[in-house]
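Me: I'm new to this structure and would like to learn how to read a few of its features. Could you walk me through them?

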Amino acid sequence: MKPSASSPVVTPALVTQKAVQRLPRWALWLLCAAYVLPGLFGRDPWKTQDIASFGHMWSLAQGQSSWWHPSVGGVLAETGGILPYWLGGATISLLGHVGVDPAFAARLPFALLLAAILALVWYTTYELAMTDAAQPVPLAFGGEAQPRDYARAMADGGLLALIASLGLLQLGHETTPELLQLTGSSLVLFGLAAVQRQPRIARAVTVLGLPVMALSGSPTVAMLLGVVALIVCQRSAQDDMRIHLRWVLGAMVLAAGLATALKGAGLSGWVWRLSWASQPSEALKLLVWFTWPTLPLAGLTIWHWRRQIWRRHIAVPLLAALVGVAASLAMGGNERALLAALPPLAVLAAFALPILQRSLGAAIDWFSVFFFSVVAAFMWLGYVAMHLGVPANLSLKVARTVPGYLPHFSALALILALTATLVWLSLVRWRTARHAHALWKSLVLPAGGVALCWLLFMTLWLPPLDQARSYRLLLSRLHQHVPKGQLVCAPGAPVGLLTALEYFDGYRVDGRPLTAADQDQRCGSLLLRLAARETAPSVAGWAHVAQFNQRSRNSEQVAIYRRALTPSLSASPAPALPEP
């Protein structure tokens with residue numbers, strides 16, 4: 001049965017005006033900055049997807065590949081659409097004229113996208129909380145929360161829930177197509193929320209969001225989100241929602257047309273990557289930790305608001321979250337596909353705040369205090385061990401994990417880390433020393449703890465992390481075996497390794513398969529990627545000269561070959577190279 005605008009609304013929310021006090025804007029902005037900015041500066045592109053995506057962007061900016069067919073070393077981009085590479089490549093090209101580091105230039109627009117996603121979740125929660133069905137019950141003697149104040153407090157809670165989501169932490173700070181896909185889905189989510197109060201903006205962001213997803217390598221999820229929007233609009237009794245249905249259909253047609261055009265041009269359009277999870281337990285583990293703490297709060301929302309399940313403030317985020325979960329399961333428990341579920345889950349989590357019991361809120365607080373304080377203490381202990389050698393066992397463990405790492409001191413990093421730690425201690429004292437009435441109080445410590453740990457990682461632990469997750473150390477070992485200016489053939493090598501060879505050391509690379517017709521003319525050196533502890537195979541016509549681990553004994557290896565001098569070997573047919 002369709003909900004009617006005139007039907008009585010039974011809401012579980014009992015909220016007083018005292019409970020909707022504002023989270024200070026300076027504190028909210030500071031928290032967002034502490035979440036978005038760390039990782040933007042002072043690091044290399046990291047393995048594997050981060051540097052692979054950067055490689056296609058850098059190749060476009062350097063003019064080494066066509067803007068219609070991004071590639072690195074002749075290897076075309078298989079997934080991710082074309083829009084993310086255009087965005088990164090254009091920024092690198094534009095800022096390169098003023099001497100900006102290409103890696104930083106590529107990260108800059110994606111940092112802005114992450115900030116936009118946070119803002120869209122805030123405004124989506126605000127607009128949904130402003131709907132009549134989401135408003136709290138009027139109290140018998142007055143004193144209930146004012147609509148705008150209530151919506152603002154709920155929006156603050158939604159933003160805090162998204163920042164606290166563990167799954168967004170690393171993937172949200174990479175230069176990968178998934179962040180642009182997430183932006184598109186957040187636009188669609190906001191469009192459905194804002195129909196009643198801002199219909200023109202809602203139509204514009206919907207028409208923009210679905211094509212953005214299609215051009216970023218996710219047209220199927222875009223179509224599924226479009227179906228969700230159609231269902232919500234069709235079931236609504238409001239005229240604005242019925243009008244919005246036509247715009248959703250138009251956006252779906254446009255997105256499908258763009259994806260089909262890309263596919264017809266030989267680009268990444270409709271790409272099916274179905275691989276249902278063979279181990280449901282692993283998929284369940286991923287779902288639990290990736291969506292913490294929003295998933296349990298979203299479940300609480302669904303239970304307490306079950307009588308309003310088809311009201312827009314519940315139906316929109318619930319159906320959108322189910323799309324992200326289904327996409328992840330259909331792709332074998334893919335964590336990047338699960339990203340699409342985080343913004344709607346954060347919105348759902350916000351609606352659990354008015355009915356959150358004090359005991360559950362206290363449990364969330366104490367778990368956050370214990371967990372994030374322990375993690376922060378461990379990071380500080382590791383930092384001291386790296387620089388002072390005490391405790392010795394921890395210092396030895398870091399040395400084994402990152403061989404060859406030499407610690408270097410940064411006063412700025414230390415000051416930022418100390419400041420963040422002091423702010424965390426002040427936040428813990430504020431939350432545990434007084435009885436706060438604000439709706440968003442139970443999400444302050446989870447969000448603050450995530451921001452603290454991310455900032456500590458990107459300050460105290462950035463140098464060893466950068467060395468461990470960058471290709472620089474591996475490439476420093478190649479210099480004596482691979483002359484500069486020589487074409488390096490690396491058939492089957494990942495795009496990230498090809499990018500590292502070109503970007504860090506200026507080698508010319510070719511990642512395409514070797515053939516008997518051109519191997520004598522093209523390659524000066526041959527590079528093969530091997531599994532951990534795998535023995536380098538014999539390759540006819542090539543002499544094995546070196547073999548390196550990328551990081552430690554248990555990490556993947558790279559074998560280097562030089563063309564054999566024996567005429568009979570050099571004229572031998574091309575070998576069948578091992579699968580990477």
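Me: Which residue does arginine 336 form a salt bridge with?

Reply: First, some ground rules: this is a predicted model, where local features need pLDDT of at least 70, side-chain atom pairs count only at pLDDT 80 or more, and totals for chains, interfaces and linings use all residues. Residues are numbered from 1 along each chain as its sequence is written, and side-chain values use heavy atoms, with hydrogens and water left out. Now the general idea: side chains of opposite charge can pair when their charged atoms come close. A salt bridge here is a side-chain nitrogen of Lys or Arg within 4 Å of a carboxyl oxygen of Asp or Glu. The partner of arginine 336 is glutamate 174, with the closest N and O atoms 3.0 Å apart.

Me: Where do arginine 336 and glutamate 174 lie?

Reply: Arginine 336 is in helix 14, while glutamate 174 is in the loop between helix 6 (168-171) and helix 7 (177-193), so the pair ties together parts that are 162 residues apart in sequence. Helices are DSSP runs (H or I, at least four residues), numbered from the N terminus.

Me: Are arginine 336 and glutamate 174 buried or exposed?

Reply: Both are buried. Buried means under 20% relative accessible area, exposed means over 50%, and partly exposed is in between (1.4 Å probe, protein chains only).

Me: Which residues are linked with Arg336 in a network of salt bridges?

Reply: Glu174 and Glu178. In the bridge between glutamate 178 and arginine 336, the closest N and O atoms are 3.5 Å apart. Glutamate 178 sits in helix 7 and arginine 336 in helix 14, 158 residues apart. Glutamate 178 is buried too.

Me: How many salt bridges does the structure hold?

Reply: There are 10. Another one joins glutamate 282 and lysine 285 at 3.8 Å, N to O. These two are three residues apart in helix 11 (residues 280-290), which means about one helical turn separates them. Glutamate 282 is partly exposed at 41% relative accessible area, and lysine 285 is exposed at 52%.

Me: What lies 2.7 Å from the backbone nitrogen of arginine 336?

Reply: A polar atom of the side chain of asparagine 334. Asparagine 334 is in the loop between helix 13 (312-330) and helix 14 (335-338), and has a relative accessible area of 25%, so it counts as partly exposed. Beyond its neighbours within four places in sequence, asparagine 334 is in contact (heavy atoms within 4.5 Å) with Leu286 and Ser328.

How values were computed
A polar contact is a pair of N or O atoms within 3.5 Å; within protein, one must be able to donate a hydrogen and the other to accept it, and residues adjacent in sequence count only if both atoms are side-chain atoms.
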